[in-house]
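This report goes through parts of one protein model in plain terms. Please keep the sequence and the 3D view at hand while reading.

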Amino acid sequence: QQYVYFFGGGMAQGRADMNNLLGGKGANIAEMVNLGLPVPPGFTLTTELCNEFNKRNREYPKSLEKEVEVNLRRLEELAKKKFGDPVDPLLVSVRSGARASMPGMMETVLNVGLTEETIPGMIAKTQNPRFVYDAYRRLIAMYSDVVMEKAEGIEPEDGDSIRNQLEHMLEAVKKKNGYVNDTELSEDDLKELCAAYKVKVKEVLGAEFPDDPMKQLWGAIGAVFLSWNGKRALAYRRIENLPDDWGTAVNVQAMVFGNTGDKSATGVAFTRNPATGDNNLYGEWLINAQGEDVVAGIRTPYAINKLAKTDANKDLPTLEEAMPKLYQDLMDIREKLETHYRDMQDLEFTIEDNVLYMLQTRVGKRNGPAAIKMAVDMAKSGLIDKDTALKRVKPEQVEELLHPMVDPEAEKLAEKLGKGLPAGPGGAIGKIVLTADKAMELGEQGRRVILVREETSPEDVHGMKPAQAILTSKGGMTSHAALVARGWGKCCIVGCSAMEIDMKAKTVTFGDKVLKEGDWITMNGTKGVIYEGQLDLVEVDPLSHKEYRTLMTWADKVRTLKIRTNADTPEDAAAAVAFGAQGIGLTRTEHMFFGDRIWAMREMIMAEDIEGRKAALRKLLPMQRQDFTGIFKAMGSRPVTIRLLDPPLHEFLPHDDEAQKEMASLLNTTEKRIAAKAESLTEFNPMLGHRGCRLGTIFPEITAMQARAIFEAAADCWAEDIKVKPEVMVPLVGTVGEFENQKAIIDQQAAKVMDEKGITFKYMVGTMIEIPRACLIADQIAQQAEFFSFGTNDLTQMTFGYSRDDAGTFLPHYLERKILAHDPFQSVDQTGVGELMKIGTERGRTTRPKLKIGICGEHGGDPKSVWFCDSIGLDYVSCSPYRVPIARLAAAHAAL
Ligand code: ADP
Ligand code: MG
Ligand code: MG
């Protein structure tokens with residue numbers, strides 16, 4: 001079995017599609033080598049080896065030592081240097097790399113191979129002692145942290161991590177000498193620091209920093225493998241839902257140095273702008289720097305070209321200006337990689353003494369608006385086809401275009417607290433919190449918080465997710481906070497350098513303005529501006545995004561599933577039509593009985609007899625008719641499904657004394673009667689009680705009134721030549737008899753209205769399928785019903801036997817312990833509830849082959865559920881207006 005794959009000298013044993021075995025980084029490094037790009041040579045140890053190592057309790061297979069030996073010799077030949085050689089030593093990096101990128105989660109150790117013995121050789125060869133000691137102090141810092149403390153589990157003596165303690169020593173030297181940047185440290189400063197570092201490591205960790213190159217190499221390899229099961233990596237995988245059994249690969253690679261002087265540099269770049277999708281190279285770089293200096297937020301990174309400039313680096317040199325020839329090389333590589341991968345790439349590069357080296361490429365993360373623009377641009381330029389363009393955009397990414405923004409009018413008047421880099425678009429309002437733990441705690445209670453930090457690290461991810469937005473004082477557009485927020489489409493501002501955080505006093509200071517933890521702020525992530533207090537947020541108009549409109553027309557061409565919306569008002573209906581809804585799948589009529597109308601409704605409930613009820617219903621009729629007319633007009637000739645009254649009547653009665661008193665005086669009755677009525681309507685299991693069609697069966701006059709209101713509105717529309725086709729939907733049918741009973745009442749009203757108005761109109765009567773029994777007898781129900789609509793909220797509730805309103809006590813635990821893989825109220829449970837839907841669909845269509853079937857539960861806007869509905873042959877899904885665009889794209893994906 002081969003555990004090690006070589007790359008270098010224009011040829012690699014791996015390829016991009018060997019991602020699973022070599023990890024994303026290793027596979028793409030191999031691909032770049034095969035493409036003839038300048039990549040330092042090296043070899044990849046496989047993910048399988050990682051899994052074996054961790055399974056065997058940190059032991060390697062016997063054959064491994066020999067295999068590494070052979071590959072190391074081959075690397076030495078190519079590099080024309082020997083590992084551990086005192087005259088001209090080869091140094092290597094030891095880099096992690098799993099299948100999917102896990103930004104900053106796992107470890108990398110640079111400059112491996114520097115020892116007391118190899119240092120003089122390095123100095124003689126480079127004539128640059130400052131550089132050598134800079135590399136050495138980085139090695140000691142990384143190694144003691146990653147290998148000794150984290151992997152070997154050595155506890156630091158006084159609790160503070162070795163990384164922090166060494167960092168403090170560095171800061172102290174800078175402070176003493178009045179330096180601002182690391183680059184100002186002299187050779188002597190660094191040499192002394194290295195010696196002091198080693199003493200500190202011994203003192204804090206009780207073990208020597210190893211002075212043997214092979215010990216360093218194996219130590220680093222083992223540490224990377226172990227970091228797969230590190231706390232941060234585990235937490236990240238849980239949030240991102242990545243499996244634990246992938247393992248990470250390790251890449252051992254010849255070092256190139258971006259820190260040898262001002263002809264050297266290091267940087268990161270995207271082949272297109274990941275925030276806007278603009279077709280320009282975008283990125284950041286630093287002269288005389290190594291490794292993660294650019295992303296670590298230690299120095300303000302420079303812009304790679306004019307277009308990438310921000311306020312923070314507008315006066316600093318660009319790579320294009322400082323090293324035009326190398327910038328051109330990078331542009332050529334950009335072209336090559338995009339043509340090859342046919343997607344936007346995220347690159348890491350290093351320049352050593354005016355020579356460019358590529359260290360990494362991968363498909364770059366982007367936010368929603370950028371994803372849409374890139375996909376459409378690439379399809380238009382012929383780089384990809386339209387189907388690929390559609391698949392490139394995740395349905396959730398469309399949602400980002402629907403995000404609220406800070407009201408521009410309010411913004412003009414508001415007081416600016418500060419400005420940073422616009423790392424994640426949209427607006428957000430929240431209370432300041434200063435720790436990830438607190439953000440998680442409050443965020444999970446549904447409170448709106450904004451996580452404010454100097455910078456974020458992978459340890460903060462659990463608090464970043466539930467926060468409304470993230471704000472940092474350090475770091476650039478490629479910092480951890482920016483990357484993570486971009487992936488989630490979250491509002492984010494980074495590098496707000498005017499902001500100072502005092503963790504002890506729990507304050508955040510902008511100039512002379514002092515805010516406390518818990519104070520409200522508003523962020524405009526599109527512009528990077530922070531405001532005090534709560535500004536209004538306004539909804540955005542996705543239709544102003546040109547490529548979005550194009551993508552949606554492509555989606556509409558390929559999808560076969562129709563998209564309707566759930567809307568109870570003409571305004572919602574109109575909004576949904578603007579988002580592309582093709583009809584209404586659910587109008588909940590009970591929402592129309594609140595507000596002023598509640599009194600007529602209560603009067604109806606309190607009525608002693610049918611005459612009393614009818615009198616109250618006569619008051620409701622014109623109001624209902626008006627509602628329906630409004631909705632019909634907003635929808636034009638599109639189909640509209642209206643559900644008859646569904647909730648139990650007690651929901652309309654007041655339950656406390658005060659309110660009952662008020663009702664008694666208004667309805668001219670006694671409190672006692674009201675209390676008695678409320679009492680009599682109280683049920684043990686209201687969701688399984690007197691509701692849905694059971695109401696209309698016991699009180700047929702309610703059904704009659706609602707049907708009449710619908711048909712009178714329809715007749716009025718037809719009279720104005722708006723040919724609406726109302727679909728009257730009977731809720732909660734479990735037996736054929738119930739449906740027959742209700743249908744007769746509805747048909748009778750339709751006939752009466754047509755007769756009275758002298759107008760014939762079309763309509764349909766159908767039912768919601770939301771009781772498991774209805775799925776099973778769907779063939780019988782379909783003899784009468786002209787359409788079905790799966791009410792998956794109730795169907796899920798009744799199939800699982802989970803009360804939707806009470807599931808909060810146990811469902812989160814079920815999800816946490818993986819007793820349930822996902823929340824069945826969010827995404828259709830395909831194996832159970834889905835099976836009932838399949839049965840209902842099949843049986844319904846055995847009776848009525850063209851039976852129109854849709855879904856109107858919350859699941860209608862969930863991409864996975866949309867896919868499922870398409871796969872079982874439903875005609876449409878219905879979702880809330882703001883999810884219509886998401887459902888359109890999800891339906892296109894389902895069809896592809
Ligand atoms: P991550 O997965 O966290 O990005 P990497 O393995 O890419 O970790 O390493 C981080 C950084 O270290 C790289 O961006 C690069 O700047 C530097 N680095 C890694 N390998 C080398 C190398 N062989 N020569 C020079 N720098 C390197
Ligand atoms: Mg890393
Ligand atoms: Mg990297």
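The model is predicted: local features need pLDDT of at least 70, side-chain atom pairs count only at pLDDT 80 or more, and totals for chains, interfaces and linings use all residues. Residues are numbered from 1 along each chain as its sequence is written, while chains are lettered from A and ligands numbered from 1 in the order in which they are written.

H7 covers residues 187–205, and its 19 residues reach 27 Å from first C-alpha to last, close to the 27 Å expected at 1.5 Å a residue. That expected span is 1.5 Å times one less than the number of residues. Helices (H or I, at least four residues) and strands (E, at least two) are DSSP runs, numbered from the N terminus.

The buried residues of H7 are Asp-189, Leu-190, Leu-193, Cys-194, Tyr-197, Val-201, Val-204 and Leu-205. They lie on the same side of H7 because they cover an arc of only 135 degrees around the axis. The arc is that of the directions from the helix axis to the C-beta atoms. These buried residues pack against helix H5 (129–151) and helix H6 (162–177). After H7 comes Gly-206, whose phi is positive, near 70 degrees.

A second topic is the annotated site. The unreviewed UniProt entry lists several residues under "binding site", among them Glu-770, Gly-791 and Asp-794. UniProt positions follow the numbering used here, feature names are shortened, and annotations may be inferred rather than shown by experiment. Two of the listed residues are set out below.

| Residue | C-beta neighbours inside 10 Å | Class |
|---|---|---|
| Gly-791 | 26 neighbours | buried |
| Asp-794 | 23 neighbours | buried |

Gly-791 is in the loop between strand E32 (787–790) and helix H31 (792–800), and Asp-794 lies in helix H31. Leaving out residues up to four places away in sequence, Gly-791 touches Met-768, Ile-769, Glu-770, Cys-856 and Gly-857. Two residues are in contact if their C-beta atoms, placed from the backbone, lie within 7 Å.

Conventions
A residue is buried if 20 or more other C-beta atoms lie within 10 Å of its own, exposed if 12 or fewer, and partly exposed in between; C-beta atoms are placed from the backbone.
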